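Biologist: I would like to learn how to read a model like this one. Could we go through it feature by feature?

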Amino acid sequence: TALAHVLFNLGTGFIAVIFLPVLLWIIRLMQEHLGLDPGAVSLAAFHTFFIAAGVAVVLPFANEFARFIERILPDKGPELTRHLDDSLLHAPFVAFEATRRVMNQAGVILLEGIRAGIANKQYNVEHSVTKVHDALDETRKFFARIPAGSDEEPLSENRVSQMHAMDHLLRLTTHFYPPQGVRENLSKESLQPAVRIAKELIDLGLSGLQGREDSDWIQRVEKKARELAELRRLERPQVITQTVGGGLEPSTALEFLDAIRWLDRACYHVWRICYYLADERNGKNSVEEFHD
């Protein structure tokens, strides 16, 4: 903010004034022993030392200064989108990083809901959906105002990736928390292999979106998603065969299929969200596949 900038300049300037005699002495020594011109060059050198002295003293207290500014000028607006400032539109790369961070945080909220659902824990679904929808709506409006680049520029790849991520986030909001019947079935022994894979994928996705994983975390999320999709494909015909043969009640079979289908669908969107929002993508493309 402008006030923070003014306060910082006042602080560094005040410190520099205290060291004014020392700075003048240094300039005089440079003129006498290094041949520094007494005109514009000396003035430029003095100004450089003046600013550097102030910054050198104030910089170690930058965190305390930031907290002070936050206390007197608290952030306003929705928590997720308060950093989508119009001033960022003049720097598209920075603007795209801001929108990516909003979607990262929205993804974390949804993944926490999935994890709570798998554990059959209560979760404020309505509040979370409203929060994510509002954030994505503001992000969409801000996103549309970021200046477009040519097809050859990395900005275009950022735009495409973030559009994919936004689409998957919106689709995930409709079923990120399982219905009561699915939650009850997720605790059954027959579904534990699928639940285990899903839990590992969600934990890895949460950790990755929060920047706490190694650079290969996206590949590991994809591997888990593929394992779960393959497990669903294998289980479906087996469950139907067992039901036709009288080994399973039709209602039990349908509940099992609903539960594993929910796990697969939710984790698929999680993988794609993580992929399109990951810092490590570096413009690489990936075909959306294997999910039907």
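This is a predicted model: local features need pLDDT of at least 70, side-chain atom pairs count only at pLDDT 80 or more; totals for chains, interfaces and linings use all residues.

Biologist: What share of the 292 residues counts as buried?

Modeller: In the protein, 39% of the 292 residues count as buried. As for contacts with a separation of 6 or more, 73% are between residues 24 or more positions apart.

Biologist: Where is confidence lowest, and where is it highest?

Modeller: Start from the average. The protein has a mean pLDDT of 82, and 71% of the residues score at least 70. Confidence is lowest in helix H1 (residues 2–18), with a mean of 56, and highest in H9, at 96. The pLDDT falls below 50 over residues 280–285, a stretch that has eight contacts in the model beyond near neighbours in sequence.

Biologist: How do I read a pair of packed helices?

Modeller: Two packed helices are described by the angle between their axes and by the distance between the axes. Take helix H9 (residues 192–209) and helix H11 (residues 250–277): their axes come within 10 Å and cross at roughly 20°. Angles under 35 degrees count as roughly parallel, and H9 and H11 are therefore roughly parallel to each other. The crossing of H9 past H11 is left-handed.

Biologist: Which residues of H9 and H11 make the contact?

Modeller: On H9 they are Ala-194, Val-195, Ala-198, Leu-201, Ile-202, Gly-205 and Leu-209; on H11 they are Ile-260, Leu-263, Cys-267, Val-270, Cys-274 and Leu-277. By class, the contact of H9 with H11 has 12 nonpolar residues, one polar and no charged.

Biologist: Now a loop residue. Is Thr-81 buried or exposed?

Modeller: The cut-off for buried is under 20% relative accessible area. Thr-81 has 10% relative accessibility, so Thr-81 counts as buried. Thr-81 sits in the loop between helix H4 (62–72) and helix H5 (92–118). Leaving out residues up to four places away in sequence, Thr-81 touches Val-102, Ala-135, Glu-138 and Thr-139.

Biologist: And what is the phi of Asn-120?

Modeller: Phi of Asn-120 is near 55°, a positive value in a residue other than glycine. Asn-120 belongs to the loop between H5 and helix H6 (125–144). With a relative accessibility of 37%, Asn-120 counts as partly exposed.

Terms used:
Residues are numbered from 1 along each chain as its sequence is written. Side-chain values use heavy atoms; hydrogens and water are left out. Axes are lines fitted to C-alpha atoms, for helices over the stretch in contact, and angles run from 0 to 180 degrees between N-to-C directions. Helices (H or I, at least four residues) and strands (E, at least two) are DSSP runs, numbered from the N terminus. Angles under 35 degrees count as roughly parallel, over 145 as roughly antiparallel, 65 to 115 as roughly perpendicular and the rest as oblique. A crossing is left-handed if the near helix is turned anticlockwise from the far one by less than a right angle, and right-handed if clockwise. Contact means heavy atoms within 4.5 Å. Ala, Val, Leu, Ile, Met, Phe, Trp, Tyr, Cys and Pro count as nonpolar, Asp, Glu, Lys and Arg as charged, and the others, Gly among them, as polar. pLDDT is the predictor's confidence in each residue, from 0 to 100. Buried means under 20% relative accessible area, exposed over 50%, partly exposed in between (1.4 Å probe, protein chains only).
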